[in-house]
Amino acid sequence: MIQWFALLRLYIVRTTLLSVAEAISLMSDSVRRRRGIRIFVYLVLAICAFGCNGYPIRLSNGADILTGSIFSLLAAVLGGAVPAIFVSLAGGVRTYLMWG
């Protein structure tokens with residue numbers, strides 16, 4: 001049976017990622033180089049990863065899909081390995097707190 005709430009959540013995550021990626025791509029090079037704005041973007045991605053991992057999508061066989069790793073991949077594309085590790089750790093903390 002299709003879980004409509006899960007599909008709606010995936011749609012919201014997808015549209016959020018597209019809007020964030022579009023906003024970052026529209027920034028000029030001088031804005032992209034500013035350290036404060038980049039740190040703010042990575043912090044927002046970390047908060048999104050933390051929040052999304054708190055609400056897993058449950059499958060019928062008992063497995064869960066965690067969508068927070070999408071934000072880690074976006075951080076890797078935007079800034080490389082160091083921001084991706086930071087965002088991944090934020091999502092991993094939420095997973096650890098949830099599953100022990």
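Axes here are lines fitted to C-alpha atoms, for helices over the stretch in contact, and angles between N-to-C directions run from 0 to 180 degrees. In this predicted model, local features need pLDDT of at least 70 and side-chain atom pairs count only at pLDDT 80 or more, while totals for chains, interfaces and linings use all residues. Residues are numbered from 1 along each chain as its sequence is written, and side-chain values use heavy atoms, with hydrogens and water left out.

**How α4 and α5 pack**

- The axes of helix α4 (residues 69–79) and helix α5 (residues 81–99) come within 7 Å and cross at roughly 160°, helices being DSSP runs of H or I with at least four residues, numbered from the N terminus.
- That angle makes α4 roughly antiparallel to α5, a term used for angles over 145 degrees.
- In contact, meaning heavy atoms within 4.5 Å, F71, S72, A75, A76 and G79 of α4 meet A81, P83, A84, V87 and S88 of α5.
- By class, this contact of α4 with α5 has 7 nonpolar, 3 polar and no charged residues, with Gly counted among the polar ones.

**The two sides of α4**

- F71, S72, L74 and A75 in α4 are buried, which means under 20% relative accessible area.
- These residues cover an arc of only 160° around the axis, which puts them on the same side of α4.
- On the other side of α4, L73 and V77 are exposed, that is, over 50% relative accessible area.

**A glycine in α5**

- G91 lies in helix α5 and is buried, with a relative accessible area of 4%.
- Not counting residues up to four places away in sequence, G91 touches A49, F50 and N53.

Notes:
Parallel < 35°, antiparallel > 145°, perpendicular 65-115°, else oblique. Buried < 20%, exposed > 50% of the residue type's maximum accessible area, 1.4 Å probe, protein only. Arc of directions from axis to C-beta.
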